[in-house]
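Colleague: Could you take me through one part of this model slowly? I would like to look at a single helix and what surrounds it.

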Amino acid sequence: MQGLWAIDQDFNAWAFLDAGVGWAKISTDTSNIFFNMLAQLASATAAARPVNVYLENGAIKPLYVL
């Protein structure tokens with residue numbers, strides 16, 4: 001993951017995965033899933049940890065921080 005973007009709007013956060021994939025929206029299935037993934041991605045970015053994601057229709061569903 002190379003970047004993270006969020007704004008003060010309901011369920012609006014994106015991660016830039018790489019040049020081949022580009023930006024992917026964080027899943028908005030439930031608020032718990034959304035905020036948990038956003039926190040994991042923010043922590044991974046701060047610690048420079050690699051992240052594996054599964055994309056479904058351009059949205060990040062499960063993710064794994066290594």
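Modeller: Here is a close look at helix α1 and its neighbours. Keep in mind that this is a predicted model.

Helix α1 covers residues 31-47. It has 17 residues. From its first C-alpha to its last, α1 reaches 24 Å. That is close to the 24 Å expected at 1.5 Å a residue. Just after α1 comes A48, which takes a positive phi of about 55°.

Now look at the sides of the helix. Five names matter here: F34, M37, L38, L41 and A44 are buried in α1. Look down the axis of α1, and these buried residues fall within an arc of 130°, so they line one face of the helix. The face turned away from that buried side carries N32, F35 and A46, which are exposed.

What does the buried side pack against? The buried residues of α1 pack against β1, β2, β3, β4 and β5. Strand β4 spans 51-56, and strand β5 spans residues 59-65.

In soluble globular proteins, nonpolar side chains tend to be buried together. The largest nonpolar core here has 13 residues. Two or more residues each come from β2, β3, α1 and β5. The largest share, 5 residues, comes from α1. Within the core, I26, L41, I60 and L63 touch the most other members. Leave out residues up to four places away in sequence, and L63 touches M37, Q40, L41, V51, N52 and V53. Find M37 and L41 in that list. Both are buried residues of α1.

Now go back to F34. At 4% relative accessibility, F34 counts as buried, because the cut-off for buried is under 20%. The model has 4 aromatic pairs. In one of them, the rings of F11 and F34 have their centres 5.2 Å apart. Their planes stand at 85°, so this pair is edge-to-face. The pair links distant parts of the chain. F11 sits in the loop between β1 (3-6) and β2 (13-16), while F34 is in α1, 23 residues apart. F11 counts as partly exposed, at 31% relative accessibility.

F11 has another ring partner, F35. The centres of F11 and F35 lie 6.2 Å apart, and their planes are at 40°, so this pair is tilted. Again, distant parts of the chain are linked: F11 in the loop between β1 and β2, F35 in helix α1, 24 residues apart. F34 is buried, whereas F35 is exposed on the face turned away from the buried side.

The model has 1 salt bridge. The side chains of K61 and D29 meet there, at 3.0 Å from N to O. D29 lies in the loop between β3 (23-26) and α1, and K61 lies in strand β5, so the pair ties together parts 32 residues apart in sequence. Are the two partners buried or exposed? K61 counts as buried, at 19% relative accessibility. D29 counts as partly exposed, at 48%.

Notes:
Residues numbered from 1 in each chain as written. Predicted model: local features only at pLDDT ≥ 70, side-chain atom pairs only at ≥ 80, totals over all residues. Heavy atoms only, no water. Phe/Tyr/Trp six-rings, centres within 6.5 Å; stacked < 30°, edge-to-face > 60°. Helix = DSSP H or I, 4+ residues; strand = E, 2+ residues; numbered from the N terminus. Buried < 20%, exposed > 50% of the residue type's maximum accessible area, 1.4 Å probe, protein only. Salt bridge = Lys/Arg side-chain N within 4 Å of Asp/Glu carboxyl O. Expected span 1.5 Å × (residues − 1). Arc of directions from axis to C-beta. Contact = heavy atoms within 4.5 Å. Core = buried A, V, L, I, M, F, W, Y, C linked by side-chain atoms within 4.5 Å.
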